[in-house]
Amino acid sequence: MSFLGSFWDEFLIKFEKDREKHTVLYSVLKQTHPVELTDEKIVIGCNNLGIKKYLDPKQVEVEGKIFSVFKKKLRLEFVVSPQTTKKRVAAPLLSFEPAIEDLYYKAGINKKFSFENFAVSSTNQVAYAAAQAVVNNLGSAYNPLFLYGGVGVGKTHLAQAVAKKILEKNKDKRVFFCPGDNFTNELIESIREKSTSKFRKKYRMLNLLIVDDIQFIAGKVHIQEEFFHTFNSIVSSGGQIILTSDRPPSSIKNLEDRLKSRFSGGLTVDVQSPDFELRTAIVLIKSKEKNINIDIEAAKIIAEKTEDSRALEGVLLSTYAKILGKKETIDLEAVEDFFSKKSEERSKRISYSDVIKVVCAYYNVRPSHLKGKERTESIVVPRQVAMYLIRKYVGLKLIDTAEALKRKDHTTVLHAEEKISGLIMKDQNFKKDIDSMVQTLISST
């Protein structure tokens with residue numbers, strides 16, 4: 001089949017999924033055939049004048065559908081062109097080379113994720129180097145490459161940067177980025193529709209498969225079985241696998257041993273939470289992408305006060321919105337003013353008693369325990385968490401925080417802040433506990 005024919009056939013397949021809303025339009029389009037395709041226009045042949053008259057008023061609607069499928073603007077023209085076997089063979093079939101953006105879209109990758117805008121520091125330099133090695137030795141260096149770490153550490157960015165670079169080097173490479181839950185959903189759907197052979201053809205013939213959050217397939221027997229064979233098929237034919245997860249293979253519960261063995265057979269890299277220097281670099285990179293001027297000292301303050309790397313862009317844009325029309329550059333004063341107002345807003349919404357209630361409910365202890373003299377770990381940790389959250393989300397001074405929990409010395413609060421901050425950096429499960437309590441605080445006040 002020519003590219004022209006496959007282009008129109010693929011469009012009709014995608015449109016078919018939406019046919020319930022456009023039953024008549026879909027039925028009529030099925031009776032058409034492609035005649036010509038250029039970078040700017042597609043000509044569609046209609047078997048008779050009646051079909052053309054029906055489709056002409058639908059031109060803009062169908063153009064929109066084509067754009068939604070291929071992310072390419074094409075002017076659509078309907079012509080009367082009765083389809084015969086001879087005509088089909090003799091029709092002009094112009095070559096059409098998709099733009100690189102079209103390839104990104106079909107591969108499921110975001111074009112903004114690249115090596116060029118990936119900030120590197122000691123927390124992720126091993127993962128960065130491994131990703132570069134995979135690009136240069138696809139299928140032979142670190143296969144699979146398994147990246148794990150908490151939310152917002154750059155795993156997805158790095159994995160997609162590899163895919164992007166591979167497509168830039170060779171547009172013919174078959175590349176696909178797939179969230180773990182999508183793999184599961186697609187397989188279930190293929191079983192329901194009795195189209196597993198189509199599913200297998202899509203995945204097992206790839207040169208590069210990236211599965212994001214692979215832990216989602218754990219505990220699902222049939223899904224793991226299918227992925228095991230998909231994995232083996234790709235690797236045995238010289239293809240590359242990249243997997244990301246929030247934990248290493250050995251810690252993924254209910255994951256079959258044979259998959260743990262396969263996942264651990266390449267290179268497993270712990271991508272750690274970004275340190276202060278890396279967060280500063282991310283702010284500067286984001287500001288450049290958005291054409292926002294920012295002083296280096298202002299960028300440092302944002303990095304210092306924003307531990308979640310995914311929130312950095314939001315803080316940058318929010319600060320910029322407040323100076324728009326007043327200043328051309330985000331300076332130290334603008335950032336300090338932004339955080340000061342945020343602190344005031346938080347303190348109005350959240351009180352230290354709110355924090356104590358949430359912490360006690362989470363750890364199943366009483367407020368009197370937190371304020372008492374007991375020093376067992378089951379009480380000390382919740383007490384330190386309460387101090388940390390009061391400081392961070394209520395904004396009380398050290399001495400006031402100490403008094404709120406009946407502590408005599410403010411150095412106890414300092415120690416609690418350091419300890420909890422350290423645990424958040426080192427222990428992803430503990431960080432999830434803290435995040436859960438923060439969400440409860442925010443949603444209940």
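Residues are numbered from 1 along each chain as its sequence is written, and side-chain values use heavy atoms, with hydrogens and water left out. Because the model is predicted, local features need pLDDT of at least 70 and side-chain atom pairs count only at pLDDT 80 or more, whereas totals for chains, interfaces and linings use all residues.

Side chains of opposite charge can pair when their charged atoms come close. The structure holds 23 salt bridges, each being a side-chain nitrogen of Lys or Arg within 4 Å of a carboxyl oxygen of Asp or Glu. One of them joins Lys-165 to Glu-116, at 3.4 Å from N to O. This pair links distant parts of the chain, 49 residues apart, since Lys-165 belongs to helix 8 (residues 155–169) and Glu-116 to the loop between helix 6 (100–107) and helix 7 (125–136); helices here are DSSP runs of H or I with at least four residues, numbered from the N terminus.

Lys-165 also meets Glu-168 in a salt bridge of 3.6 Å, N to O, and these two residues, three apart in helix 8, are separated by about one helical turn. Lys-165 is partly exposed, with a relative accessible area of 22% (partly exposed lies between buried, under 20%, and exposed, over 50%, with a 1.4 Å probe and protein chains only), while Glu-116 is exposed at 60%.

Elsewhere, Glu-417 forms a salt bridge with Arg-391, their closest N and O atoms being 3.2 Å apart. Glu-417 lies in helix 21 (residues 411–426) and Arg-391 in helix 19 (residues 377–394), so the pair ties together parts 26 residues apart in sequence.
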